[in-house]
Amino acid sequence: MTDKKTHTLDVPGAVLTYDVREATTPTDEPPLLLIGLPMGAEGFTTLAGHFTDRTVVTYDPRGVERSTRTGAPGIADHADDVHRVVEAVGGGPVDLFASSGGALVAFELAATHPGDVRTVVAHEPPLPSVLPDREAVDAALTDIHDTYQAKGFGAGMAKFIALVMATGELTADYVAQPDPDPAVFGLPTEDDGTRDDLLLGVNMRLLTQYEPDWATLRPGTPEVMVAVGEDTGDELTGRSARATEALLDAAPIVFPGGHGGFSGGEYGQPADKPVEFAAKLREVLAR
């Protein structure tokens with residue numbers, strides 16, 4: 001793959017940083033855009049390396065890594081940002097792979113800027129609105145946000161990790177259980193006073209509020225597919241993916257690995273199944 005070229009883009013309320021890796025050989029395929037939320041471009045380094053025959057675009061969402069932000073962005077703001085990145089790299093349609101919170105951004109982009117995308121692969125969207133235990137999940141997410149605001153990063157992140165590890169439907173008394181110890185997860189136990197974490201300070205509230213425009217997404221133009229990891233069981237993102245695809249009247253596409261199946265260990269965690277994952281993504285995009 002050619003060396004990535006890094007660019008910045010001024011948008012209302014933010015300066016976005018995005019990377020473009022040009023295809024090594026001429027191609028008629030549209031660019032492949034890889035997005036996450038709150039994960040930035042770095043997390044897609046390994047996956048991008050498996051698509052040297054295509055131009056690959058990654059970016060840091062506003063408030064993540066190299067991109068700045070002011071205020072508390074909503075899903076619509078992030079979708080508008082991706083729309084502007086698409087315009088900056090030559091316009092659509094592009095193929096879009098979207099991970100986790102990025103999948104919600106992909107839903108919004110497909111609904112509001114359908115001309116930007118040819119195919120959307122939404123991998124494990126965390127979407128409480130589609131779950132039977134929505135109220136309990138909403139309460140847990142709100143509790144994580146409130147804990148972060150009151151006690152700081154370690155306390156809030158410990159609750160977030162406990163939630164994403166929980167299996168099955170949450171009960172109404174989920175938030176009444178004892179607080180997890182941040183030290184168990186290798187997190188700081190002291191509050192450093194900062195409150196600028198996008199995931200805990202903003203996204204927890206976004207997840208409780210967002211509901212895709214299903215009526216717009218169902219017709220199939222652009223094609224929106226939902227994916228779930230073969231190693232993801234009844235955790236929140238697995239349950240959300242399966243319920244979401246049911247609303248789109250199709251079975252979820254099963255990908256190798258878990259929630260971060262494409263990961264090559266970019267953030268210090270063990271690699272998942274990036275080779276197999278990339279092969280599956282290539283197969284899905286070629287349909």
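**Cavity and ring pairs**

A: This is a predicted model. The lining of its largest cavity divides into five nonpolar residues, one polar and three charged.

Q: Which residues line that largest cavity?
A: Val 137, Leu 163, Ala 166, Gly 168, Leu 170, Asp 234, Glu 235, Leu 236 and Arg 239.

Q: How much space lies in there?
A: About 40 Å³.

Q: And how many cavities of 30 Å³ or more does a search of the whole structure find?
A: One.

Q: Switching to rings. How many aromatic pairs?
A: The count is seven. One of them joins Phe 44 and Phe 262, with 5.2 Å centre to centre and 20° between the planes. That pair is stacked.

Q: Where do Phe 44 and Phe 262 lie?
A: Phe 44 is in the loop between strand S3 (32-35) and helix H1 (45-48). Phe 262 is in the loop between strand S9 (253-255) and helix H9 (274-285), so the pair ties together parts 218 residues apart in sequence.

Q: Are Phe 44 and Phe 262 buried or exposed?
A: Both are buried.

Q: What about Phe 97 and Phe 277?
A: Their ring centres are 5.6 Å apart with the planes at 80°, so this pair is edge-to-face. Phe 97 lies in strand S6 (residues 94-99) and Phe 277 in helix H9, so parts 180 residues apart in sequence are tied together. Phe 97 and Phe 277 are buried as well.

Q: Which residues do ring pairs link into a cluster?
A: Phe 44, Phe 97, Phe 255, Phe 262 and Phe 277.

Q: Last one: what lies over the face of Tyr 148?
A: Arg 195, at 5.7 Å from the ring centre.

Terms used:
Residues numbered from 1 in each chain as written. Predicted model: local features only at pLDDT ≥ 70, side-chain atom pairs only at ≥ 80, totals over all residues. Heavy atoms only, no water. 1 Å grid on protein atoms, 1.4 Å probe; cavity = no way out; pocket = protein on both sides within 12 Å on 5 of 7 lines; lining within 4 Å. Points joined across faces, edges and corners; volume = space filled by probe spheres on them. Nonpolar A, V, L, I, M, F, W, Y, C, P; charged D, E, K, R; others polar. Phe/Tyr/Trp six-rings, centres within 6.5 Å; stacked < 30°, edge-to-face > 60°. Helix = DSSP H or I, 4+ residues; strand = E, 2+ residues; numbered from the N terminus. Buried < 20%, exposed > 50% of the residue type's maximum accessible area, 1.4 Å probe, protein only. Lys NZ or Arg CZ within 6 Å of the ring centre and 35° of its normal.
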